[in-house]
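Here's a quick briefing to read with the structure open beside you. Take it topic by topic and click along as you go.

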Amino acid sequence: AGSDGSWGGMAHWRTTSGNWNDMSTMTLGTAGIFSTVTRPTWLFANPGHPYVLTNVRPATPVINCPTICENTFGNTFTLTGSSSSYTWTVPANGTIVSGQGTSSVTVDWTTGTGSVSVIAVGTAGCNSLPADCTPTVVAQPVAGFSVEPDGTFGDSWQFTDTSAGAVSWNWAFGDGNTATTQNPLYQYSDAGTYTIVLTVSNGTCSDTASITIDANGGVIVPNVFSPNGDGFNDSWYILTGTLSEYNLQIFNRWGQLMFESADISQQWTGDFNGKPCVEGTYYYVLKAKTDLKDYSQTGALLLVRQ
C-alpha cells in the first residue's frame with residue numbers, strides 16, 4: 001500500500017488467504033529503479049503472475065571517526081560507502097564548513113564531544129540507516145612563557161615555560177637554533193632582534209606562543225675614571241652590546257667639545273689636543289639605539305688623576 005512507505009527489501013505479506021504463498025527460490029530481475037521478484041507458479045488470474053516492487057535501501061556507510069583537538073579548525077570526517085550523495089549532521093559544538101553532500105566533511109569544533117551522523121541518499125528516494133560516531137575530543141594545551149635577560153647586555157636569556165597541559169616543548173630562538181628542554185638558558189652569538197616561538201604539545205594537540213626580544217642591547221655608563229697611567233681605569237668608555245646607531249660627545253663645564261666619536265670601540269683617555277685635561281666634572285651626550293630601543297642619554301662624569 002502507498003501508506004507503507006519505501007521498502008528496503010522484499011514485500012511479503014503473511015495472511016490466511018490462499019492467494020499468498022510462502023516463497024522459496026525466486027527469480028530476481030529489474031524493472032526501472034525497482035527490483036522485481038516473481039513466482040511463476042502462483043495461480044492468479046489475468047493479468048498473470050503477481051509481482052512486488054521494492055526500493056533498495058543504500059548500505060549504511062561506515063564513518064572513520066577521528067580524534068580531534070578542542071577549539072580547532074578543519075577537522076576531517078570521512079566514510080566508506082557506495083552512494084553518490086550523503087547528508088551529514090553534527091552537534092552544536094561542531095560546524096560543517098565544507099563537504100556537505102560528499103563522503104568527506106570538514107568540521108570546526110569547539111569544546112566537548114557529541115555524535116556525528118550521516119545517511120546515504122539513494123537514487124530512488126530511499127535513504128540508508130544512519131551511521132553514527134562520537135569523536136574523541138582532547139583538551140588543548142595553552143602555550144606561554146616568560147623571558148629575562150641573563151647576560152650583561154642581553155646576550156644570554158632565560159626562558160621560563162608557563163604553559164598549561166604540556167608534556168613536550170619545542171623552542172625556536174629566531175636564529176635557526178632550537179631546544180626541547182622545558183626552561184632553556186640560551187646565548188645569542190650576534191646582536192639583533194629575535195622572535196622566539198614556543199610550541200607545546202600534550203601528545204595529541206599543540207599550541208604556540210611567541211615573544212620578540214632585542215639581544216645584545218643596553219648600555220652601562222661609568223661616572224668616574226682616573227687617567228693616571230696606573231693601568232687601571234685609565235680611559236672612559238661606554239659598555240654596550242651591539243648598537244644600530246652610536247655617537248658620543250664629551251664637553252667641559254664651559255661647553256667646549258673635548259671628545260667625539262661614532263666608533264663604539266674608541267675610548268676617551270682624558271686628553272684634548274694631545275694634552276691632559278684638568279680634573280673635574282665633564283658632561284657627555286650619548287646617542288645609542290638598537291632596532292627595538294633607544295638608550296640615548298646625557299649625564300656627568302668625573303675625571304680624577306690621583
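**A quick tour of the model**

Leu-239 is partly exposed, with a relative accessible area of 34% (buried is under 20% relative accessible area, exposed is over 50%, and partly exposed is in between, using a 1.4 Å probe and protein chains only). Keep in mind that this is a predicted model, where local features need pLDDT of at least 70, side-chain atom pairs count only at pLDDT 80 or more, and totals for chains, interfaces and linings use all residues. Residues are numbered from 1 along each chain as its sequence is written, and side-chain values use heavy atoms, with hydrogens and water left out.

**The big picture**

- The protein comes out with 0 helices and 28 strands; helices (H or I, at least four residues) and strands (E, at least two) are DSSP runs, numbered from the N terminus.
- Of the 306 residues in the protein, 34% are buried.
- Among contacts with a separation of 6 or more, 51% are between residues 24 or more positions apart (contact means heavy atoms within 4.5 Å).

**Disulfides**

- How many disulfides does the structure hold? There are 2, a disulfide being a pair of cysteine sulfur atoms within 2.5 Å.
- One of them joins Cys-65 and Cys-133, with the sulfur atoms 2.4 Å apart. Cys-65 sits in the loop between strand S4 (62-64) and strand S5 (67-69), and Cys-133 is in strand S11 (residues 131-133), so this pair ties together parts that are 68 residues apart in sequence.
- The Cys-65 and Cys-133 link is right-handed, with 75° about the S-S bond.
- Cys-69 lies in strand S5 and Cys-205 in the loop between strand S18 (192-201) and strand S19 (206-215), so the pair ties together parts 136 residues apart in sequence.
- The torsion about the S-S bond of Cys-69 and Cys-205 is about -100°, so that disulfide is left-handed. Both Cys-69 and Cys-205 are buried.
- If you number the bonded cysteines in sequence order, the pairing reads 1-3, 2-4.
- Another cysteine to look at is Cys-277, which is buried with a relative accessible area of 6%.

**An open sheet and its hairpin**

- Look for 4 strands forming an open sheet in the order S16-S15-S18-S19, with antiparallel pairing. The edge strands are strand S16 (178-179) and S19, each pairing on one side only.
- Strands count as paired if DSSP finds at least two bridges between them. Strands of a sheet pair through backbone hydrogen bonds, either parallel or antiparallel.
- Strand S15 (residues 168-172) pairs with S16 over 2 bridges in the antiparallel sense, and Trp-171 stands opposite Ala-179 in S16.
- S18 and S19 pair over 10 bridges, again in the antiparallel sense. Leu-198 has Ala-209 in S19 as its bridge partner.
- S18 and S19 make a hairpin with 4 residues between them, and Gly-203 in the turn has a positive phi of about 100°.

**Salt bridge**

- The structure has 1 salt bridge, meaning a side-chain nitrogen of Lys or Arg within 4 Å of a carboxyl oxygen of Asp or Glu.
- The partners are Glu-245 and Lys-287, whose side chains meet at 4.0 Å, N to O. Glu-245 is in strand S23 (residues 245-251) and Lys-287 in strand S27 (residues 280-289), so the pair links distant parts of the chain, 42 residues apart.
- Glu-245 is partly exposed at 31% relative accessible area, and so is Lys-287 at 40%.

**A surface patch and a buried glycine**

- Back to Leu-239, which is in strand S22 (residues 239-240). Together with Ile-220 and Tyr-237, Leu-239 makes a nonpolar surface patch of about 220 Å².
- Patches are made of residues with over 30% relative accessible area and no salt bridge; like charges are joined within 9 Å, and nonpolar side chains (Val, Leu, Ile, Met, Phe, Trp, Tyr) within 5 Å.
- Gly-218 lies in the loop between S19 and strand S20 (219-220) and is buried, with a relative accessible area of 10%.
- Gly-218 and Lys-293 are 75 residues apart in sequence, and 8.4 Å apart in space, C-alpha to C-alpha.

How values were computed
Accessible areas come from the Shrake-Rupley method with a 1.4 Å probe; for residues, only the protein chains shown count as cover.
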